[in-house]
Amino acid sequence: MPLGLLSANAHDLPLDRMMNGFVKIESRQADFVVRVPLDLLLGVPFPLAGDHYNIPASRPAVETAIKALATALELWEGNVRLVPSSAAGRLAPLSDRSFEDYDQAVAQVAEPVATDTVIAFQQGYLDAHFVYPISSPKSVFSIETTVGADLGDYVRLTIRFIPLGEPSRAMMITGASGRVALDPAWYQASAGFVRLGIEHILSGIDHLLFLLCLIIPFRRIWGLVPVITAFTVGHSITLIGTAYNIAPVGAWFPPFIETAIAVSIVYMALENIVGASLRRRWIIAGLFGLVHGFGFADILKEQLQFAGSNLLVSLFSFNIGIEIGQLAVLCVFVPALALLFRGAMSGRMGIIVVSAIVAHTAWHWMIDRADVLWKTPWPQITVPGLMILARWVVAVGLGVGLAKLLAKWIERKWPGHVLPPESRIEG
């Protein structure tokens, strides 16, 4: 049977597109038990009796489906693709809830389905249990699905990974995810999240415009150091805080942050236009960095499932990737602005023109995002919500206070080396 168990061109999109599975590692074997909706298996000729499946005659079709799944659901140990030593399967009705627990799921597959069970056409599941011999329970195991791969992220597989002697963890993958490590080594997780950070900062046009606004007035790289550092510290704080579930939640929060990011760009662009002081720009950059960190976290939250047991390493790696991307952007922006701000665009004229273009773009974003936010139901005030808000207010206040004390100390130690030599935005 071909690998494509589902063809988007030949059939309508499936109503049930979620597969559920467990991967449990023992000392000598890996058990993979999975539940697949029958409307993802339209290529398998399950016999029908009227509008429901013919259970007594379904064994050959079940065996065909199991062979196809063994090919389409790949389990790897290191760089070796595992081959099942045994496989079993059966049909199950929609009412069956055995896949809420690993032991129940395994027991369910082992039991023959009653011949009088009624399963309507495309209204049930195929449950399968594969057993794979392994070399070591400490190996890095990975999984890949090609079920519905032609539909990209539409068809999903939820996996609960149960390593030997360790807590279980869950993740969700799709046909577009490729091969995903179930519990990656720290260096594998680190490399993946560094790449993710670089890709995000380079593809995030709003973050790029904010960085552009930060650096437009500066003529010396040294003056940018405290500004970029403050922005980095700010977004790192909220990014890590969100990963550890100490950030606001609810449907209102993502559009609120997106609106606030647009506001931050408009503010910085207007500050460039009016010629505000640069000596405390690093404080503004740090505060807005907190906002942008929430934006980074919203992108990152679906990817943290692939960190395995390396959550903190992955967070720091993502931040490193963002900083690498920011350095690459600065290497392009700084010389480009130096070339642009010549002739008729030299002095204040260039700063005003470029900042006005950025402000115009961000203003439209702000209006559009605010409209989405306005239509989103706001949460009711609760004690836990107020506690989270109070923690962030105190943390931000302490952070700003400590930053000011540090800046004053450094200014006394190394006068003229912390802040840019110019006190206002000049040409």
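I began with contact range. Of the contacts in the chain with a separation of 6 or more, 79% are between residues 24 or more positions apart; a contact here means heavy atoms within 4.5 Å.

I noted the ground rules. The model is predicted, so I kept to its limits: local features need pLDDT of at least 70, side-chain atom pairs count only at pLDDT 80 or more, and totals for chains, interfaces and linings use all residues. Residues are numbered from 1 along each chain as its sequence is written, and side-chain values use heavy atoms, with hydrogens and water left out.

**Overall make-up**

I found 10 helices and 12 strands in the chain. Both are DSSP runs numbered from the N terminus: helices are H or I with at least four residues, strands are E with at least two. The chain has 427 residues, and 46% of them are buried. Buried means under 20% relative accessible area, exposed over 50%, partly exposed in between (1.4 Å probe, protein chains only). The chain exposes about 21,100 Å², with 64% supplied by carbon and sulfur atoms. Areas come from the Shrake-Rupley method with a 1.4 Å probe; for residues, only the protein chains shown count as cover.

**Cores**

Which residues have the most contacts inside the largest nonpolar core? They are F210, L212, L214, I215, I216 and I265, in a core of 45 residues. I used this meaning of core: buried Ala, Val, Leu, Ile, Met, Phe, Trp, Tyr and Cys residues joined through side-chain atoms within 4.5 Å. Helices 4, 5, 6, 7, 8 and 9 each supply at least two residues of this core. Helix 6 gives the largest share, nine residues. I then checked L212. Beyond its neighbours within four places in sequence, L212 contacts F333, L337, V354 and V358. A second, separate core has 43 residues, including V36, Y53, A128 and V180.

**Salt bridges**

I searched the whole structure and got 10 salt bridges. The criterion is a side-chain nitrogen of Lys or Arg within 4 Å of a carboxyl oxygen of Asp or Glu.

R369 pairs with D206 at 3.6 Å, N to O. R369 lies in helix 9 (residues 348-374) and D206 in helix 4 (residues 205-215), so the bridge ties together parts 163 residues apart in sequence. Both ends are buried: R369 is at 18% and D206 at 8%.

R169 and D183 have their closest N and O atoms 3.2 Å apart. R169 sits in strand 11, and D183 in the loop between strand 12 and helix 3, 14 residues apart. R169 is buried at 16%; D183 is buried at 17%.

E26 and K24 also meet, at 3.6 Å, N to O. Here E26 is partly exposed at 27%, and K24 is partly exposed at 22%. I also logged a network of salt bridges that links R35, D96 and D127.

**Helix 5 and the surface after it**

N245 follows helix 5 with a positive phi, near 60°. I246 is in the loop between helix 5 and helix 6. I246 is partly exposed at 39%. Y244, I246, L312 and F316 make a nonpolar surface patch of about 370 Å². Patch residues have over 30% relative accessible area and no salt bridge; like charges are joined within 9 Å, nonpolar side chains (Val, Leu, Ile, Met, Phe, Trp, Tyr) within 5 Å.
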